Amino acid sequence: MEIDRPDPPYLQIARQIREQILSGELADGDPVPSARQITRDWNVAIATAAKVLSTLRSEGLTRVDPGKGTVVQVRGSLHHSAQDRSIAMHRTGKIYPPGHYAKIRRCELTPASDSAADALGLDHGSAAIRRQRTTYTAQDVPVSTSVSWFDGSLASRAPLLLTTERIQQGTAKYVEEVTGRSHVDTDVQHAAGLANDEDANELEIEPGSAVLLSRNRYEDAQGEVIEYGESTALPGHWVYYHYAVEDGE
């Protein structure tokens, strides 16, 4: 294992462990490396290793379990964004963390919403594929519901998009397989909002309840949007990002 610059070593190590948690490689209750193991695996000082563990605890991703040491703590508190799902697919071949699953509620060829048409570069009212799903925990508790939109011209080339069967490799990968357009970038937006009637019904909450709203754009190498998605998640579910600030600005 190697340490790259310029990030401090403890941040680099914490980021690697965080990605294992977000991707599902490390599930709720799994042990994370101890301070001694971190010092051995990454060749850093014990103080650096301790800072790694305190960073993950401060983010709510781990807890100290007597008899086990530091373990993963994400059940019921973590929302997997589009970026997280992309990392999970790359690292584990699975979109959702262990125990989580999705039900495809509805698939249809229908006029695109204005926001979907704008994202996909379609004329307003043009035909688009609308694919609606709800994600559940291992305890069958709904945590998020979402709608993905695709250009309607894919209907004949990517027929699975219009079925309610789960696409095991994920929709973006499936579209890549049938069109050759690779997903290389993801743009994500988040906002606080209120659940509409449809989302409230899927999430088993009262209409108007506070929720986390997201918009996701999966882009190819030319910057064209392959898939546009809108999702609604329950409150109290954290989304994690890490970014560097250049020149101290």
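By a nonpolar core I mean a set of buried Ala, Val, Leu, Ile, Met, Phe, Trp, Tyr and Cys residues that are joined through side-chain atoms within 4.5 Å. With that in hand, let me turn to the structure above, which is a predicted model.

The protein has seven helices and eight strands, and of its 249 residues 43% count as buried. If we take the contacts between residues at least 6 apart in sequence, 60% of them join residues at least 24 apart. The protein exposes about 13100 Å², of which carbon and sulfur atoms supply 47%.

The largest nonpolar core has 17 residues, and those with the most contacts inside it are I13, I17, I38 and V52. Three helices, α1 (9–23), α2 (35–42) and α3 (46–58), each supply at least two residues of this core, and α1 gives the most, with five. I38 touches both I13 and I17, and it also touches P33, N43, V44, A49, V52 and L53, when residues up to four places away in sequence are not counted.

Let me stay with α1 for a moment. Its 15 residues, at 1.5 Å a residue, should span 21 Å, and because its end C-alpha atoms are 21 Å apart, the model agrees with that expectation. The buried residues of α1 are Y10, Q12, I13, A14, I17, R18, I21, L22 and S23, and the helix is followed by G24, whose phi is positive, near 95 degrees.

Now to another region, and to one tryptophan in particular. W149 lies in strand β5, and since buried means under 20% relative accessible area, W149, with 6%, is therefore buried. What does W149 touch? Leaving out residues up to four places away in sequence, its contacts are T110, P111, A112, S113, A116, L120, A128, I129, R130, I226, E227 and Y228.

Finally, a word about empty space. Rolling a probe the size of a water molecule over the atoms shows where such space is left. About 390 Å³ of space lies in the second largest pocket. Of the 20 residues that line this pocket, the closest to its centre are D199, L213, E230, S231 and T232. The elements that give two or more residues to its lining are the strands β4 (127–136), β5 (142–151), β6 (185–194), β7 (210–219) and β8 (225–233), together with the helix α7 (197–203).

Note on methods. Residues numbered from 1 in each chain as written. Predicted model: local features only at pLDDT ≥ 70, side-chain atom pairs only at ≥ 80, totals over all residues. Heavy atoms only, no water. Buried < 20%, exposed > 50% of the residue type's maximum accessible area, 1.4 Å probe, protein only. Helix = DSSP H or I, 4+ residues; strand = E, 2+ residues; numbered from the N terminus. Contact = heavy atoms within 4.5 Å. Areas by Shrake-Rupley, 256 points an atom, 1.4 Å probe, with all protein chains shown as cover. Expected span 1.5 Å × (residues − 1). 1 Å grid on protein atoms, 1.4 Å probe; cavity = no way out; pocket = protein on both sides within 12 Å on 5 of 7 lines; lining within 4 Å. Points joined across faces, edges and corners; volume = space filled by probe spheres on them.
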